[in-house]
Amino acid sequence: MEKLNIISVVVKKEVKEISSSRRSLIVSAVFAGWFGFMFSSNMVQAGISLDLGLYVLSLTLAAFISFVLSAQIFLREKFNNTIIDLLCTPLDLREILIGKVLGVFIFAYGFSLLSVVLMLFARYQQSGYFSFPSLPLIFHIFINVPLFIIFAISLNGLIQLMLGIKENRIAYFITYFIVFLAMFLVTRFIDKSFKISWPIIS
């Protein structure tokens, strides 16, 4: 219980620091809004199915925002040397990472959901009728995307900690490039009318 209380302190610390970083929040909000509307427009013109569009958009935005926000907090640790204060607490690196992941997750998943809502709204404006995601897609958005965000933040944080928080930008670009390339290949080589099914989601 004491460990959980201390981890919650790290979570609150990260939430407070991200909330005070207007630049990161603005960038995340702009990307969520821009991709939500623009991707929906391009999706309709290209004949991409709603399921495929939401599948790719939710993962891509989740990856981008996760890396932007997590890179920001680790960059701040580097310049403020606050990681030293954390290491002097009873927490080990694993528990520190858990606190940071949970703190970033709140914002990353929130912006990811925002992009999905905006995409559905934009599609309604363009088509004149509201399209509901399939049940597998709903499962994907509320189960897979949160797990993916946790994985993305953890991967970035683990690399940062292993490098001693010395090469933030390198770690950020390497991890995001891998995820972005994977998402690009999905949209490049898969059929545009592809429907997301339970085997794909699981």
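A: Start with helices. Helices (H or I, at least four residues) and strands (E, at least two) are DSSP runs, numbered from the N terminus. This is a predicted model: local features need pLDDT of at least 70, side-chain atom pairs count only at pLDDT 80 or more, and totals for chains, interfaces and linings use all residues. Residues are numbered from 1 along each chain as its sequence is written, and side-chain values use heavy atoms, with hydrogens and water left out.

Q: How many salt bridges are there?

A: Side chains of opposite charge can pair when their charged atoms come close. The rule asks for a side-chain nitrogen of Lys or Arg within 4 Å of a carboxyl oxygen of Asp or Glu. That gives three salt bridges. K13 pairs with E14 at 3.1 Å, N to O. E17 also meets K13, at 3.4 Å.

Q: Why are E17 and K13 about one helical turn apart?

A: An α-helix has 3.6 residues a turn, so residues three or four places apart point the same way. E17 and K13 are four residues apart in helix α1 (residues 2–20), so about one helical turn separates them.

Q: Which salt bridge links distant parts of the chain?

A: E14 and K100 meet at 2.8 Å, N to O. E14 sits in helix α1 and K100 in helix α5, 86 residues apart. Shared partners join K13, E14, E17 and K100 into one network.

Q: Is E14 buried or exposed?

A: Buried means under 20% relative accessible area, exposed over 50%, partly exposed in between (1.4 Å probe, protein chains only). E14 is buried, because its relative accessibility is 0%. K100 is buried too. E17, at 16%, also counts as buried.

Q: Why is the pair of F105 and Y109 stacked?

A: Rings of Phe, Tyr and Trp (its six-membered ring) pair if their centres lie within 6.5 Å; planes under 30 degrees apart count as stacked, over 60 as edge-to-face and the rest as tilted. The structure holds one aromatic pair. The ring centres of F105 and Y109 are 5.5 Å apart and their planes are at 10°, so they stack. Both residues are buried.

Q: What does α5 do at F105?

A: A bend is the angle between axes fitted to the seven residues ending at a residue and the seven starting there. At F105, α5 bends by about 30°. Just after α5, G128 takes a positive phi of about 90°.
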